[in-house]
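Good morning, everyone. Please look at the model on the screen, and I shall take you through a few of its features.

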Amino acid sequence: FGLPLATELLPAMIGWHKARGADSSLKDILEFLEYFYPSFRRDRPWFPPAEDVLGMIEVALGYTKIRSSASSGNRWREGRLWAIQSTLKKLLGEYLWSFQDTIRLKDLSTFRNFVRRNGPRVIYITFNYDLLLETALSDGKSR
């Protein structure tokens, strides 16, 4: 359906936001990636998966709880990590929602047929970020 794969999500999201002038919002995220992923370089095409980055932020937050208060000079303090996590989620959300404008229900025939066969009262569990199933479920014709 033209959406980025999980391995393409972070670089696509970063490129999309840079094109819209959000470089300042990306600064701390890119610095976090450089610090916690030694093989990451801004000028190379490899990016860790977004799910992994969110998990790494959780690990770093956990570490701040066991680190002594004497390390207040550490650049990865809890408040900064929370801000990075919040910004990353916001930017990912904005990027993913941008696809909702380009997805047409007629292009979702596979999902609409799936919903028609199984009905709207079935519990659907999806691990996909692209909202295609949710869009098909919200289509009045598939009910």
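Leaving aside neighbours within four places in sequence, T64 is in contact with W76, R77, E78 and L81, where contact means heavy atoms within 4.5 Å. T64 itself belongs to helix α3, residues 50–66; helices are DSSP runs of H or I with at least four residues, numbered from the N terminus. Because its relative accessibility is 13%, T64 counts as buried, that is, under 20% relative accessible area with a 1.4 Å probe, protein chains only.

A word on the source: this is a predicted model, in which local features need pLDDT of at least 70 and side-chain atom pairs count only at pLDDT 80 or more, while totals for chains, interfaces and linings use all residues. Residues are numbered from 1 along each chain as its sequence is written, and side-chain values use heavy atoms, with hydrogens and water left out.

Let us turn to the core. The largest nonpolar core has 27 residues; such a core is a set of buried Ala, Val, Leu, Ile, Met, Phe, Trp, Tyr and Cys residues joined through side-chain atoms within 4.5 Å. Those with the most contacts inside this core are M13, F32, L33, V53 and L88. Which elements give two or more residues to this core? They are α1, α2 (23–36), α3 and α4. Helix α4 gives the most, with seven residues.

Not counting residues up to four places away in sequence, L33 touches F40, F47, P48 and V53.

Technical notes: Buried < 20%, exposed > 50% of the residue type's maximum accessible area, 1.4 Å probe, protein only.
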